[in-house]
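This report describes the chains of a model, then some helices and the contacts between them. Please keep the sequence and the structure in view while reading.

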Amino acid sequence: MSATSTISPPARELKTTSICGYLHRVEVRSIGLVTRRRYWFALCDTTPYLYWYKESDDVKCIGRVSLSGAAFTYDPREKGRFEIHSNNEVIVLESASDKQRNEWMKALQSTRKRSWKTAKSKSDSNLDISSLTGRNSSAVFEDASSSPSPVPPPRSPKPKKRTAVPPEVDAEIQNVENVVVESEDVIEVPTETEETDEKTQKENDRSTTEWYLNPNGQLNERSLQMPKSIESPESVLKRFADHSIEAPIRAIRRNLSSWKSSGSRQNTVDEPVLSSRKGTVSSEDLTPEEKVIELSDKVSSLEEVVESLRAALLLSQRSNEALKKLEEMGENKEEMREYLLEKERQVTELHLSNSTNARRVQDLEDQNLKLEDTINDLQQSVEAFRESLRTKEELILRMCEEENREDVLTSGVVSEKSVNLSADANGLVSDVEVPEGILVDVTSLDFEEATRRVLDEENVKDIGELQDLVEGYRTQNQFLNAEIVELHNIIQSLETREKSLIRQNFDLEACYYQLKSRYLMVLNHFKSPTKPGKIMEPGVLKELLEESARTPRESQQNLTDQLGFYKKDAMGMSDDLLDTATFYMKKAEDIVEATKLEQSEEYMKWLQSWDSFLVNNTVSSKIAIMSSPDLKTLIRTGVPPAYRGRVWKSIVTHWVKDKQAELGNGYYQSMLKKASVKKQDGSYDAAIKQIDLDLSRTLPTNKNFDEPDSANIEKLRNVLYAFRYHNSHVGYCQGLNRLAAIALLYLDEQDAFWFLIACVEHLQPEGYYTSSLIGAVADQKVLRDLVAEKLPKLAAHLRSLEVDLSLFALCWFLTCFVDVLPHSIYLTIFDAFLYEGNKVLFRFALALLKICEPQVLQCKTIGTVHQCLSKAQEHITDFKSLAQVAFNELNPFPQKTIETKRQLYVAQLKDTGHCM
Amino acid sequence: VCLDDATIKFEIWDTAGQERYHSLAPMYYRGAQAAIVVYDITNQESFQKAKNWVKELQRQASPNIVMALAGNKADVANKRTVEYEEANAYAEDNALLFMETSAKTSMNVNDIFMAIAKKLPIGPAHGEPTGTVDMNQPQQQQKGSCCK
């Protein structure tokens with residue numbers, strides 16, 4: 001099981017950006033039901049996936065989406081909502097605010113960027129050419145381990161048939177364009193789409209990589225929850241050329257000037273700033289009717305602005321789609337022609353809508369005229385009304401005079417009369433004929449003003465909203481432009497990658513045929529060894545064998561694996577051809593097996609679940625791993641080698657964090673200092689002496705440890721020295737060197753030191769490595785009892801032959817199977833041991849014995865039993881079957897029993913003065 | 001090891017040399033048929049410890065045990081502090097096989113196992129494996145040096 005390293009060590013050290021938080025996922029179900037669920041989302045740029053979980057500290061994810069080829073977009077009208085388009089899947093998420101959304105979008109983009117950059121650098125590094133033979137053409141091997149399992153294969157989005165654009169919407173957009181053309185502005189917007197089409201066609205023929213020239217933007221239907229439209233390819237070109245939002249702004253300006261010149265009849269052309277409209281409007285002295293017209297004009301023009309922005313947005317989205325499209329289009333001319341046909345159809349549509357719009361404009365002008373007539377009418381009626389007012393006033397005047405006269409005559413009944421008179425006057429007033437509709441406007445001037453105010457306020461509010469929206473669209477547009485640029489980059493890098501892969505493939509194929517022909521030659525030779533002229537050159541066979549030994553997996557380092565362990569099969573070969581053949585056959589089988597395993601669904605799922613766990617663990621910046629049943633299950637499946645360093649560190653921190661806090665930051669260094677001071681004193685220290693002796697005996701099968709000056713020997717010395725002074729009770733115990741060495745395979749010096757502390761002081765029971773080894777001895781007795789309980793037949797057999805299990809099992813427990821089992825297995829045992837502690841050692845010891853049981857039972861003498869047990873590792877083929885026994889078949893396995901027994905035996909040993 | 005017509009299989013235990021493992025040693029030599037006690041000829045202290053081991057084995061191991069004394073690091077004889085004669089005399093006094101060996105150059109390594117094999121009583125189960133315990137001394141530098 002070779003490691004597929006998805007995270008290169010340097011990448012791990014880089015500062016990673018990560019983001020997490022609760023978001024709502026909006027899903028449209030098949031029946032049109034919209035669900036909105038709250039999940040915990042986590043994103044970490046060590047992996048190109050966005051994961052979501054039920055809760056923030058979950059191990060298992062609910063789902064994930066690949067970001068390595070995804071596009072992101074949002075609609076500014078929907079607060080906090082954004083979309084991720086990946087593999088023809090759209091994920092709609094909703095954050096609490098627009099600000100949060102922006103943060104997420106930024107994080108998403110950076111993660112995507114990183115993911116394709118690593119993919120790129122990976123593919124670059126794969127271009128190392130390892131020549132297969134001296135004479136042959138150089139063959140490029142794609143390193144098998146480089147096909148990064150967590151990274152999905154490149155997307156192959158299916159082209160979606162463009163859905164018909166709703167005609168009204170289309171017309172609306174066209175309207176915008178018409179306005180643009182009509183306002184005889186200086187900026188050119190050519191509408192000769194045919195010409196553009198020709199141009200695009202040419203461009204397309206020239207190169208498929210110039211994706212932005214693809215005239216056929218295909219819309220992913222689901223991606224658009226707003227009106228769809230077609231925009232002239234010309235502007236597509238323009239926008240891609242300068243990657244700016246200039247074009248839409250120009251359109252806005254033109255729109256503005258056009259409505260201004262027609263609506264306000266003032267020639268303030270080219271007032272660029274949107275917000276200035278308000279001021280201009282309110283300062284103008286207009287009749288209410290004109291006011292209304294103008295306001296409605298303004299609104300419609302704003303709508304046009306919005307439309308043009310929509311169009312811009314749409315364009316961006318379309319280009320996204322175009323990008324996707326292009327990715328898979330390749331050199332397919334057929335498809336290209338289809339696009340062009342489609343485009344032509346679009347052009348016709350454009351023409352049609354153009355004329356429709358011209359008609360519309362005509363209509364609008366007519367309407368305008370009519371409205372002006374109405375205004376005239378209205379003005380006339382106002383005149384009439386004023387006339388009537390004047391008559392009324394005269395009437396009142398006359399009546400007052402009469403009253404005065406009557407006052408003089410009869411002053412006694414003044415009040416009564418005046419009441420009557422006023423009633424009369426009222427009657428007179430109501431008798432005055434006024435044009436219908438204005439009758440209600442008794443206080444017409446006041447009313448007018450109030451209306452204007454109300455309208456103004458409404459408009460101001462409206463305009464404010466629209467401005468916000470426009471601002472939103474503008475930022476969105478900027479975002480989408482950036483998005484396009486980035487996607488473009490990705491596409492290009494993918495294309496180069498594809499090309500190089502194709503080239504590699506050809507090389508490999510050529511190489512394959514070459515090799516094949518040579519093997520055939522060899523076969524022919526053996527078939528007819530007597531035939532003259534077919535004698536092989538000497539050495540050909542040997543050369544062929546050497547070649548085949550150099551598989552892509554081992555092209556770099558033939559002798560050791562990724563951790564620096566020497567490979568067993570790198571031993572010298574016998575001269576016997578049959579043996580060699582068997583050897584190679586086995587090797588071939590192993591390689592095929594390993595490849596199959598790495599491509600198996602189970603393996604992928606395993607990596608995925610680890611990725612899912614680690615992402616959430618990283619983003620929540622928990623240094624120590626929390627204990628949870630899910631995590632326990634996960635760790636029992638083993639930690640992927642690529643993640644082991646991280647996971648071990650987290651688990652170790654989980655155990656020692658309190659100690660670390662207590663002892664302070666520079667504790668390890670201070671221990672090292674102490675050690676060096678003591679050494680300079682020259683005082684003899686048995687433990688230090690023993691450490692020095694043991695350094696070269698540690699992991700002799702690993703190239704990082706096998707020579708006195710190997711890379712890790714010095715680190716190992718430091719760790720053991722520091723530990724000796726940290727824990728004077730244990731000091732140094734043979735066996736600890738192996739634990740520390742294993743730690744150093746994945747961790748740095750300081751972490752290895754804490755690893756050792758975790759093992760000795762937290763994971764193993766007390767007294768395991770102390771001068772009396774009492775804990776370890778007691779555990780041997782516990783093991784004996786457990787064997788008697790779980791494997792009674794074996795126990796009886798061993799008893800009858802007087803075999804002492806401790807001869808073997810003691811070092812299983814002291815060193816956690818290091819150097820007992822193959823390293824790929826004991827490292828996985830270490831994963832579980834680090835998380836669960838000493839108990840798993842019992843599980844694995846019993847599992848090992850259980851697997852060996854049939855063989856041991858066949859042994860008739862003590863010698864054969866010894867032989868059988870000392871070769872226990874030969875019965876263990878893989879971790880999975882061992883773990884199956886250890887964690888399932890041996891259940892129930894209560895900690896309490898072990899605990900009780902251990903205490904009993906420790907007490908017993910103390911009493912008897914402890915001797916085996 | 002092939003000896004005349006008999007094949008003798010050695011089953012070798014290499015114990016941890018550290019003092020704290022001493023108490024576990026009986027487990028290893030209890031049923032052993034032979035033992036090699038190794039010391040370092042450049043280190044007088046290791047010779048003294050070897051003598052202690054011999055005493056312990058004489059006292060506690062099986063009475064028929066075949067014991068050999070090996071003075072290792074013969075390749076650096078110029079640094080010797082334990083004289084050949086001294087060790088040889090001690091071995092003769094205690095009826096031990098004695099050889100100076102070198103794990104580095106494999107000098108006498110096979111020979112000492114051959115010598116032990118010759119001295120082993122041919123048991124009733126002729127040709128069956130026997131147990132040997134190799135007590136590596138703490139001063140020993142190469143791990144399992146004598147058993148390769």
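## Basis and conventions

Helices (H or I, at least four residues) and strands (E, at least two) are DSSP runs, numbered from the N terminus. This is a predicted model, in which local features need pLDDT of at least 70 and side-chain atom pairs count only at pLDDT 80 or more, while totals for chains, interfaces and linings use all residues. Residues are numbered from 1 along each chain as its sequence is written, and chains are lettered from A and ligands numbered from 1 in the order in which they are written.

## The two chains

Chain A contains 29 helices and seven strands. Of its 916 residues, 33% are buried (20 or more other C-beta atoms within 10 Å of the residue's own; exposed means 12 or fewer, partly exposed in between, with C-beta atoms placed from the backbone). Among contacts in chain A with a separation of 6 or more, 72% are between residues 24 or more positions apart; a contact requires C-beta atoms, placed from the backbone, within 7 Å.

Chain B has four helices and seven strands. From the N terminus, the order of its elements is β-β-β-α-β-α-β-α-β-α-β. Buried residues are 42% of the 148 in chain B. Of the contacts in chain B between residues at least 6 apart in sequence, 78% link residues at least 24 apart.

Helix α15(A) has L631(A), L634(A) and I635(A) buried. These buried residues lie within an arc of 95° when viewed down the axis of α15(A), so they line one face of the helix; the arc is that of the directions from the helix axis to the C-beta atoms. After α15(A) comes G638(A), with a positive phi near 95°.

The axes of α15 (residues 629-636) and α25 (residues 823-836) of chain A come within 8 Å and cross at roughly 155°. Axes here are lines fitted to C-alpha atoms, for helices over the stretch in contact, and angles run from 0 to 180 degrees between N-to-C directions. α15(A) and α25(A) are therefore roughly antiparallel (over 145 degrees; under 35 is roughly parallel, 65 to 115 roughly perpendicular, the rest oblique). K632(A), I635(A) and R636(A) of α15(A) meet D831(A), A832(A), Y835(A) and E836(A) of α25(A). That contact comprises three nonpolar, no polar and four charged residues. Ala, Val, Leu, Ile, Met, Phe, Trp, Tyr, Cys and Pro count as nonpolar, Asp, Glu, Lys and Arg as charged, and the others, Gly among them, as polar.

## The α22 and α24 pair

Helices α22 (residues 774-790) and α24 (residues 806-814) of chain A have axes that come within 10 Å and cross at roughly 120°. The two are therefore oblique to each other. On the α22(A) side the contact involves A776(A), D779(A), Q780(A) and L783(A), and on the α24(A) side S806(A), A809(A), L810(A), F813(A) and L814(A). Six of these residues are nonpolar, two polar and one charged.

In α27 (residues 862-870) of chain A, the residues V865(A), H866(A) and L869(A) are buried. They fall within an arc of 100° seen down the axis, so they line one face of α27(A). They pack against α23 (792-800), α24 and α26 (839-858) of chain A, together with β3 (10-14) of chain B.

In α28 (residues 879-889) of chain A, F879(A), L882(A), A883(A), A886(A) and F887(A) are buried. Their arc around the axis is only 105°, which puts them on the same side of α28(A). Among the elements covering them are α15, α25 and α26 of chain A. The exposed residues N888(A) and E889(A) are on the face of α28(A) turned away from its buried side.

Technical notes. Contact = placed C-beta atoms within 7 Å.
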